[in-house]
Amino acid sequence: MKIVIGTGSCGIAAGANKVQVAFDAIIAEKGLDLRVEKTGCIGTCYLEPIVDVVDDGGKKITFVNVTTDDTRRIIEDYIMGENELKELQISESDITMIGKQKRIVLRNSGLINPERIEDYLAVDGYLAAKKCLTEMTPEEIIETVEIAGLKGRGGAGFPTWFKWDAAKKSPGKTKYMVCNADEGDPGAFMDRSVLESDPHALIEGMLIGAKAIGANEGIIYVRAEYPLAIVRLQNAIDQAREKGFLGHNLFETGFDFDLRIKAGAGAFVCGEETALIASLEGERGMPRLKPPFPAQKGYWNKPTNINNVETFANVPWIFRNGGDAYAALGTKESKGTKVFALTGKIKKGGLVEIPMGLTLKDTIFDIGGGIKEDKAFKAVQMGGPSGGCIPASLLDTKIDYAEITKTGAIMGSGGMVVMDETTCMVDMARFFLDFTCNESCGKCTYCRVGTTRMLEILNRITQGEGRDGDIERLEELCYKIKDGSMCGLGQTAPNPILTTIKYFRNEYEDHIYHKKCTAKSCKPLLIYTIDKEKCVGCGACKKNCPVDAITGEKKKVHEINQDICIKCGKCFSVCKFDSVIID
Amino acid sequence: MSHETREHHHEHGCGCGCQGERANPFAELSPILDHYADIPGSLITILQKAQELYGFLSVELMRYIALETHTSIAKVYGVATFYTQFRFKPVGKYLVMLCQGTACHVNGSKLVEEAVMDFLEIKEGETTADGLFTLNNVACLGCCSLSPVMMINDDTYGQLTKDKAIHILAELKEVASNETAGLATIEQEVIT
């Protein structure tokens, strides 16, 4: 019998390490013959820490939201006793959430120990690589990926086979296979999860790609903000090298391939291929004009192919199950599955992998369980700073590259941030512009100055200083920035503004003309008053008001002087009687 | 007084800030510089290792790296300031990184930030007077389903509320004050 603990970053943040220490202590105290093992993230982050108890027959019972106090009960009552501890076990509806998915990229996540290559080998790991290296020609490999219809999962959705083919056909002996693991899109974390939970899937995918294009050297560009991912990946690379899956003369075919990690230093624009290459070369990560494409002139001017983590993680499955099996999933134009990070105001936040073609509604309500506190759904943000907000009226949109693009958002890397009635859409646009304005590399004037000007306008609007003509001015800037920027960052930076104006123009108008934020989120537009019925005169608000705007005697109704009030919200947060009203 | 390091002669006015008077202040960096000397494109990696060693990149340190790697100080500074990971001021014992990603924003990271700033009495990017805490906003820590999130040194804390965030900081503060108190006692014992 063994105990398996989910120790992805989410699990650890929820207390998985403490749970592990507690288990170890109890096992030592009782002298039990029990192994405690690690696994990655199963995706149901809202249930972390998750603990599986697996008996010798392989039967698995999952306990969720385990605290250190629960560990003793699990050992004494469940493992040593007869109590099933139903109240700690995963519920039926949560099992359904996992059951409704189709897991290809996440096939091993949360099931195997990411720190042991033996676990990966036990689930047929590296068999696909062996097949590709020993039995297939580069042309056949590329053809299989073409049949599968795999598209780049990093955002742009470019056909993977096409890139591989271009790099393969590019003349030159030295070629590079690069993995973009610089997951910069705020709100997306599937790449981190794959790196932490199933690093060998990425290595195997890269190895197959390397064989296809003829690269002998690979580089994985990982965000420095993912320390655990870097540790597990390095460990996996070392083990793969030891077992002969990386290095010289792999599978005795004469083919050499080795991998190294390069830690990124934090720049969103490095998601752009040419910027990423500049960063790999130790320079400022600024994009350059294409062509030449990286497939012709990339890292150190050699042919280079760049794919993202999720794309590579699909590859081994495709070769074990066939390109047709992959293409059988999804829609006509978008094949296979896509991993989404469901976050924001959603009940069951986490990572879900679903076949393309499911609707947004299915994903958010069926799988994600709907909106927190059953509030009203307002919009879902897809594609991060390059994407847009999709309103409730379009919830039946299918998840498909073309369909999502039609709404004004993009598929992106798979962030789905769900928003309810308390989220202000103007503030959302301001939030993303604040991000892109910071992350603009500064090369193109339209992107550098344009995003700054747009942010200034949005700041004004959310502070109650919007002017007539602001919406039109924003739209004009948006189109000019799209046209005047060289790389994807600038070209897509206006999307959050354009989609919110398109679907939530009334909110912009409320802010500008009526000085009102219906979501009650933009503080300068709010008016704080005290409910005469509820106020007991405790004086907490008066004491905490930083500008002495509140008057009133003890045990009598207090009042806020609107001329002095700076709308900091202190009174609202300290009032224990809900008597401060925001309007 | 002058001395040699890897390809650089230190003396008064040599440009690396040592004035030739002190022993090489960045001697610990030498093995790293040696290791990466022949690997092109290693500037970012060298800067990362340097920051790991010294906590932040001072002008002197960047000037030294420029000299040792035969690059201009402008390039080193240009690369360092391009990336958010690099810091140019000393940081406190605890580096508090408040996630400002989309999910955190939607779930109220601003409120947490305000509470933390009130509690520590500093603004974003500053360090407390006692040198314990530095507060930084970061783009996304990738723990979106536990938002709002913050990371203190290597530990991640999720599902924050104003109270929870302050509680965590207060605990760290207490641990630190106990440590110094402990040190004081040890010192006293030594004296007596």
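The accessible surface of chain A comes to about 22,900 Å², and 50% of this area belongs to carbon and sulfur atoms. Areas were computed by the Shrake-Rupley method with a 1.4 Å probe; for residues, only the protein chains shown count as cover. The model is predicted: local features need pLDDT of at least 70, side-chain atom pairs count only at pLDDT 80 or more, and totals for chains, interfaces and linings use all residues. Residues are numbered from 1 along each chain as its sequence is written, chains are lettered from A and ligands numbered from 1 in the order in which they are written, and side-chain values use heavy atoms, with hydrogens and water left out.

Chain A contains 23 helices and 18 strands. Helices (H or I, at least four residues) and strands (E, at least two) are DSSP runs, numbered from the N terminus. The radius of gyration of chain A is 26 Å, close to the 25 Å that the globule rule gives for 583 residues, so the chain is as compact as a globular protein of that length. This radius is taken over C-alpha atoms, and the rule is 2.2 Å times the number of residues to the power 0.38. The C-alpha trace of chain A spans about 85 × 70 × 40 Å along its principal axes. Of its 583 residues, 59% are buried (under 20% relative accessible area, 1.4 Å probe, protein chains only). Among contacts in chain A with a separation of 6 or more, 70% involve residues 24 or more positions apart. Contact means heavy atoms within 4.5 Å.

A:R35 lies in strand 2 of chain A (residues 35-39). Leaving aside residues up to four places away in sequence, A:R35 touches A:M1, A:K2 and A:I3. A:R35 and A:I3 are 32 residues apart in sequence, yet 6.1 Å apart in space, C-alpha to C-alpha.

Helix 10 (residues 199-213) and helix 13 (residues 309-321) of chain A have axes that come within 7 Å and cross at roughly 75°. The two helices are therefore roughly perpendicular (65 to 115 degrees). Axes are lines fitted to C-alpha atoms, for helices over the stretch in contact, and angles run from 0 to 180 degrees between N-to-C directions. Residues in this contact include A:L202 and A:M206 from helix 10, and A:F312 and A:F319 from helix 13.

Chain B has seven helices and six strands. Its accessible surface is about 9,400 Å², with 55% from carbon and sulfur atoms. Of the 192 residues of chain B, 48% are buried.

Methods:
Angles under 35 degrees count as roughly parallel, over 145 as roughly antiparallel, 65 to 115 as roughly perpendicular and the rest as oblique. Buried means under 20% relative accessible area, exposed over 50%, partly exposed in between (1.4 Å probe, protein chains only).
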